[in-house]
Amino acid sequence: MKKMITSILALVCILLVAGVAMAEPVTLNVAYMPNYGSLWSIEAAIQKGYLADEDITVNLVEFADGPTIIAAMESGSIDVGYIGQGAHKLCINGRATIFALSHISNGDALIGGKDITSVEDLKGKKVAYSSGSSSEDILLNSLTKYGMTMDDIDAFDMDASAIVTAMLSGGVDACATWSPNSLKILEEMPDATKLTDNMTFADETVSLASWICMPKYAEENRDVLVRFTRALFKGMDYAADANYEEVSEWVSAQTATDYESVYNQRGDAEWLTGAEVAAGAADGTVEAYYLLQRDTFVANGAVEKDPVPEVAEYVMLDVMIEAGK
């Protein structure tokens, strides 16, 4: 009898351990944009096996910008996705939930063409931008900083690829866009001038990149988000540790772009480690980033919700903290 009880207890222990170690396998449709900033951490998580360790398989789906990614989530075709600065206003307005901070960006730029060397030179000029994205965000911040508004320029709203074509062909006088498009324009237009970038406003606001999902998905799949974020954080730890060459090779393969152009994007952000994000979520640093970002959007009139939501209402700091344990 004693041996039987011992055997049963041993079996129970084995089953309990197996239950903790074996999460339910899940496949996620993951939205990204074709640049280093969007893919740096998830490619590392894929290639190093961190997602496989969490029994997560991902299908990567390419999109042009954050608002389009959120629209795809609303249609049900995407589970989680990456967004840049501009699309965060949609999260504040209740259309999506942030569950992980990716990095602090410096990949956006306002670029002037020939003979345009200052923001003030844009008065009456044709300026291309993409509404709802970080392109619009840096354009508005730049105009505001120099006492101007959209009424002072001849603004042309177009998608990201069209902005590059319009700028290089001379169809517009200036543009607001993000990396790698900004790098391509500056490389191919010797007479172009970078008028502003994210660091221009470093003393006033912060430009963030994040991972998001639908609010309903967040409510129903918190465990999946923790597992995904845990793998992502490990990918960030690896990718932020000066492994730029290897990560650039992975991103180059996924986006079908040349290695050199991808590698040149390594300076587009402050690449945070997963450990830094988890610690920042616990000590209030990450919440302070999102609060500063929110207040900037409020000041620019981009927040429609009244009253303005608290950061904790649309940012899952608890997921970041748990994923870092």
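1. Let's start with contacts: of those in the protein with a separation of 6 or more, 80% join residues 24 or more positions apart. Contact here means heavy atoms within 4.5 Å.

2. A word on the basis of these values: this is a predicted model, where local features need pLDDT of at least 70, side-chain atom pairs count only at pLDDT 80 or more, and totals for chains, interfaces and linings use all residues. Residues are numbered from 1 along each chain as its sequence is written, and side-chain values use heavy atoms, with hydrogens and water left out.

3. You will find 15 helices and 11 strands in the protein. These are DSSP runs numbered from the N terminus (helices: H or I, at least four residues; strands: E, at least two).

4. Buried residues (under 20% relative accessible area, 1.4 Å probe, protein chains only) make up 52% of the 325 residues.

5. Now for the inside. A nonpolar core is a set of buried Ala, Val, Leu, Ile, Met, Phe, Trp, Tyr and Cys residues joined through side-chain atoms within 4.5 Å. The largest one has 78 residues, and Phe-99, Trp-211, Leu-225, Phe-228, Tyr-290 and Met-320 have the most contacts inside it. Helix H10 (residues 222-239) gives the most to this core, with 10 residues. Another core, of 15 residues, lies apart from it and includes Ala-174, Ala-176, Leu-195 and Phe-201.

6. Leaving aside neighbours within four places in sequence, Tyr-290 is in contact with residues including His-88, Ile-98, Leu-208, Val-311 and Met-320.

How values were computed
Buried means under 20% relative accessible area, exposed over 50%, partly exposed in between (1.4 Å probe, protein chains only).
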